[in-house]
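Subject: A structure for you to look at

Hello,

Here is the structure I promised to pass on. Please open it alongside this note, and I will walk you through what turned up.

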Amino acid sequence: MLVGSACLTVATSGAAVAQTANSIAVEGNRRVEAETIRSYFKRGPGGRLGPLEIDEALKSLYSTGLFADVRISQPGGRLVVTVVENPVINRVAFEGNKKAKDDQLKIEVQSKPRGTLSRPVVQADVQRIIEIYHRSGRFDVRVEPKIIELPNNRVDLVFEIKEGDKTGVKDIRFEGARAFSHGRLKDVIKSSESNWLSFLQTTDIYDPDRVEADRDLLRRFYLKHGYADVRIVSAVGEYDPAKKGFIITFNIDEGGQYRVGTVDVVSNVHAIDPATLRGRLKLSNGSVYNADMVEKSIEAMTIEAAKRGYAFATVRPRGDRNFETKTINIVFVVEEGTRAYIERINIIGNVRSRDYVIRREFDISEGDAYNRALIDRAERRLKNLSYFKTVKITNEPGSAPDRVVINVNVEEMATGEFSVAGGYSTADGFMGEVSVADRNLMGRGQFAKASVQFGQRTRGLDLSFVEPYLLGYRMAGGIDLFARQNLASSYVSYDSQTIGTNLRLGFALTEELAFAPRYSLYQQKITLPDYLNNCINDPDAPGHVPGLGVTPTSACRLDGEASLAVRKELANGAVMVSLVGYSLAYSTLDNNKTPTSGLYAELKQDFAGVGGDVNFIRTTAEARNYYEVFPDIIGVLKLQGGHVTGWGGKDLRMLDHFQMGPNLVRGFAPAGMGPRDLTPGTTNDALGGSMFWGASVEAQTPLYFLPKDIGIKLAAFADAGSLFSYKGPTTWNVTGETLQVADSNAVRASAGMGLLWDSPMGPLRFDLAYPIMKESYDRTQIFRFSGGTKF
């Protein structure tokens, strides 16, 4: 057991004594040179050592940590220094630690092998070890240091650790919250409550640093929704012995919700016309006050001023609150700003990530004008990379009054992933996937992924690589190689194989608008079981063509036959498709994973015929709007549509048509709606349509009787849409066959309920939908389940 402390003794007479360095006697030292000990005695006035000088020397000797005991005496007028040296640490060991590795603990402790044993340092090491366990949620940890004495004044230092169990968060409370439900606020913060799925998560472990970060998240959330006077008064975690866990309480003073009264721009820089900056405003009169939009407005106007040659211009918002009307009149004031230049950008804490991966997120570099708005923008970009646990950018004065040094402190996180996924869907059956991915490959900021899928009806191989800064520009470039096989099922009668590659680019036009051109080259072919393509049973039948089949009047359809359109695709053999296309996406979503407000819209166009065997132009559009109808009830409105047509005198293949089912109107089977071949004796395959439209309304809400952290939501929905206008071949001159096509633009509609689970293992969804409007030849699927897991 580590006990006791050093004994300090000074026995001196009141008078000062004159001593030379050599006349100071040193006793008891083994490793420390006597001359080193004498050097701590500094002479006072007159070259004498008085009580004050001797006392200072005593304190200095003890502060070195080299001595367990120091005694100073003056027998016979001589100064004698007697020391007891601290033992040398032979080794540092840890016992009882299972959740923290030895290497991790050795880095943290200051006591090192071959170093001197210092009891204060050992006690500090105990606190460091305890803090490590606290960060992982083990607040019941006990650490006891033990010293094992060895010959020659050496010791082994052993830290005996009793780790204890993890201390979870049993309850999270929001005192004073009235504008938002507790469930909604729990979605905002990182901390979560312990539940029966706690073994799959870590955010339910009490972490004071995380709680403090949650406090800032709550404040920003309220400011984003108009509560300009909000104060998060306190965030307290208290251990409850009865619940054997922590109760976190956030005390919130919400204040009132404000709207924007008026918005204006005033320029104190003569050459900058305010009118040129007003187009960069993200706020409008009458809208709910949003602090995020204020920051984005400042950023956009600062960049615009810099583009016009005013790099030192600063934009400061000035808000005038009207407490009676609950409005804020905002004036953005443009000023010249202090002329300062960036002397140096220091990157600190990056072990794996290359410096340039961090530096390229800055729109400014060494020697440029210092601009706080651009620094804040870089910090936000770095956080969004998901390469780092924490990102903090600070400033310090440079070598001259007009120079600034920027320090970027980062803490890296694991970016590699190996996953084994499994799942089941009513469309594809059981399926599994093994994938390896890294979103910061070799610290270069590149993304790479390799995955293999194998299932009952779906198999495939995918390889992907993305360089986010192609040729040094803020433009992503990627390449995909893929091979996929879809087997016949109750929805389609044929197997299909696709092998190809994609080349793609992507860059942001604005903060909300992104453009992504692409080129795809792939080969498609289908295969059929013999019994669905065996019109060669009767060589003597009238109209028989060797190797191709017989006329429809033949008895070959007695055992069933695939649709003429399918067999014609089969006769075409492998087909090469070469196309160029683009995507234009607009997003104002508040959260890409679980949005609660905002709009997402996307337009896609593909032009096939840049080489290859087929020609078509395909256009699709989709828009989703999210809105909080009531607290914790999110409404989703989805609109979609598409059109495809051939060109250059080439027919549109069946495989190039749209195939729709539950992806358009739930309650219908995959490829279960739209044009269909109803020729008797065939498999009545879906032919697809050249045009479709769809509309869906859905309301989502958590189940109140379950902990919200489990992530289960109930959904009610209504869908409507239509797929129509088959443009493919309807006759085959070789056999004289003619398709009997059922094609109607009638509306299909359904309504139903769904259960969504954003589980730690992966997203799962159960839908129960009943078709309200359908055609007689459509195929329905009332229940649908899809999902997967990673473990």
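To start with a detail: which side chain does the side chain of Gln524 join in a polar contact? The partner is Arg653, at 2.6 Å. A polar contact here is a pair of N or O atoms within 3.5 Å; within protein, one must be able to donate a hydrogen and the other to accept it, and residues adjacent in sequence count only if both atoms are side-chain atoms.

Before going on, a word on how to read this. It is a predicted model, so local features need pLDDT of at least 70 and side-chain atom pairs count only at pLDDT 80 or more, while totals for chains, interfaces and linings use all residues. Residues are numbered from 1 along each chain as its sequence is written, and side-chain values use heavy atoms, with hydrogens and water left out.

**Overview**

The protein has 791 residues, of which 44% count as buried (under 20% relative accessible area; exposed is over 50%, partly exposed in between, with a 1.4 Å probe and protein chains only). There are eleven helices and 36 strands; these are DSSP runs numbered from the N terminus, with helices being H or I of at least four residues and strands E of at least two. Among contacts (heavy atoms within 4.5 Å) between residues at least 6 apart in sequence, 61% join residues at least 24 apart.

The average pLDDT, the predictor's confidence in each residue from 0 to 100, is 85, and 89% of the residues score at least 70. Over residues 1-16 the value is below 50, although this stretch has 37 contacts in the model beyond near neighbours in sequence. Residues 536-545 also stay under 50, with 16 contacts beyond four places in sequence. Where pLDDT is low, the predicted coordinates should not be read in detail.

**Strand β23**

Back to Gln524, which lies in strand β23 (residues 513-527). Gln524 counts as buried because its relative accessible area is 16%. Leaving out residues up to four places away in sequence, Gln524 touches several others, including Gln497, Val575 and Leu655.

Beyond four places in sequence, Ser520 is in contact with Thr501, Asn502, Val577, Ser578 and Leu579.

**The sheet of β8, β10 and β9**

These three strands form an open sheet in the order β8-β10-β9, with mixed pairing (two strands pair if DSSP finds at least two bridges between them). β8 (169-175) and β9 (231-240) are at the edges with a single partner strand each, so one side of each has no neighbour in the sheet. From one strand to the next the twist averages 15 degrees. β8 pairs with β10 (residues 245-253) in the parallel sense over six bridges, and Thr249 in β10 is the bridge partner of Arg173.

Helix α6 (residues 208-224) lies across β8, β9 and β10, at about 145 degrees to β9. Axes are lines fitted to C-alpha atoms, for helices over the stretch in contact, and angles run from 0 to 180 degrees between N-to-C directions.

**Nonpolar cores**

A nonpolar core is a set of buried Ala, Val, Leu, Ile, Met, Phe, Trp, Tyr and Cys residues joined through side-chain atoms within 4.5 Å. The largest has 44 residues, and among those touching the most other members are Phe174, Tyr222 and Ile252. Elements giving two or more residues to this core include β8, α6, β9 and β10. Another core lies apart from it, with 22 residues, among them Ile342, Ile358, Tyr370 and Val410.

**Strand β16**

Is strand β16 (residues 403-412) largely enclosed or left open? Seven of its ten residues are buried, so β16 is largely enclosed by the rest of the structure. Strand β14 (residues 341-348) runs parallel to β16, joined by seven bridges, with Asn346 partnering Asn407. Strand β15 (residues 388-397) runs antiparallel to β16 over nine bridges, and a hairpin of five residues joins β15 to β16. In that pairing, Ile393 has Val408 as its bridge partner.
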